[in-house]
Amino acid sequence: MNALQARLAFEDRVEDMGVLDADDRVTCHVHGRWIHQCVASPIHVNPVTRHRWCRDCERALTVVIDELAGVVTMNCSRCGGGVSGATAHLLTACRASLRASGRDARSTAEAA
Ligand SMILES: [Zn+2]
Ligand SMILES: [Zn+2]
């Protein structure tokens, strides 16, 4: 089991227990990946909760991820803004997942 699989299983368990909020997950149980690796997928857009959604323009925010720099941004391609509280939460989770996956990559490299 690698770090991603271990983290996924852990987050599934604590989320089921009601200890972990879905917004605080750094892994995605739908895609089975780190959240930053699949957050650009359309299913991570939610107009109701406003995850990755610009209400003013009624469109999904564009995701830009720089894995090397550890930078994640989400902006509306029309107005350039559109970040909601839910999106800010998602950005925090993506940054945490970038850090967690980076540790994984380094430890794998050291083991090899
Ligand atoms: Zn996903
Ligand atoms: Zn907009």
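Which residue takes a positive phi in the hairpin of β5 and β6? That residue is G70, with a phi near 70 degrees, and the hairpin has 4 residues between its strands. Before going further, please keep in mind that this is a predicted model.

**Overall layout**

- Taken along the principal axes, the C-alpha atoms fill a box of roughly 50 × 35 × 20 Å.
- Of the 112 residues in the chain, 26% are buried.
- Among contacts with a separation of 6 or more, 43% come from residues 24 or more positions apart.

**The first helix**

- Helix α1 covers residues 3-16, and its 14 residues should span 20 Å at 1.5 Å a residue; the end C-alpha atoms are 20 Å apart, so the model agrees with that expectation.
- After α1 comes G18, and its phi is positive, near 80 degrees.

**The largest nonpolar core**

- This core holds 17 residues, and the members that touch the most others are I35, V39, L61, A93 and C94.
- Two or more residues of the core come from each of β3 (53-54), β6 (71-75) and α3 (85-111).
- The biggest contribution is made by α3, which supplies 4 residues.
- If you set aside neighbours within four places in sequence, C94 is in contact with I35, H36, V39 and V72.
- Two of those partners, I35 and V39, are themselves on the list of residues that touch the most other core members.

- Strand β5 (residues 62-66) runs antiparallel to β6, and 5 bridges join the two.
- Across the pair, V63 stands opposite M74 in β6.
- M74 also belongs, with V72, to the covered face of β6.
- The uncovered face of β6 carries V71, T73 and N75.
- V72, from the covered face, is also one of the contacts of C94.

- R50 sits in the loop between α2 (35-38) and β3.
- R50 is not a glycine, yet its phi is positive, near 70 degrees.
- R50 has 18 C-beta neighbours inside 10 Å, so it counts as partly exposed.
- E58 belongs to the loop between β3 and β4 (59-60).
- E58 is likewise not a glycine, and its phi is positive at about 55 degrees.
- E58 counts as exposed because it has 11 C-beta neighbours inside 10 Å, and the cut-off for exposed is 12 or fewer.

- H89 lies in helix α3.
- With 16 C-beta neighbours inside 10 Å, H89 counts as partly exposed.
- H89 and H51 are 38 residues apart in sequence, while their C-alpha atoms are 8.5 Å apart in space.
- H31 is found in the loop between β1 (27-28) and β2 (33-34).
- H31 is partly exposed, because 14 other C-beta atoms lie within 10 Å.
- Not counting residues up to four places away in sequence, H31 touches C38 and S41.
- H31 and I43 are 12 residues apart along the chain, and 9.9 Å separates their C-alpha atoms.

Key: Residues are numbered from 1 along each chain as its sequence is written. Chains are lettered from A and ligands numbered from 1 in the order in which they are written. This is a predicted model: local features need pLDDT of at least 70, side-chain atom pairs count only at pLDDT 80 or more; totals for chains, interfaces and linings use all residues. A nonpolar core is a set of buried Ala, Val, Leu, Ile, Met, Phe, Trp, Tyr and Cys residues joined through C-beta atoms within 7 Å. A residue is buried if 20 or more other C-beta atoms lie within 10 Å of its own, exposed if 12 or fewer, and partly exposed in between; C-beta atoms are placed from the backbone. Two residues are in contact if their C-beta atoms, placed from the backbone, lie within 7 Å. Two strands pair if DSSP finds at least two bridges between them. The expected span of a helix is 1.5 Å times one less than its number of residues.
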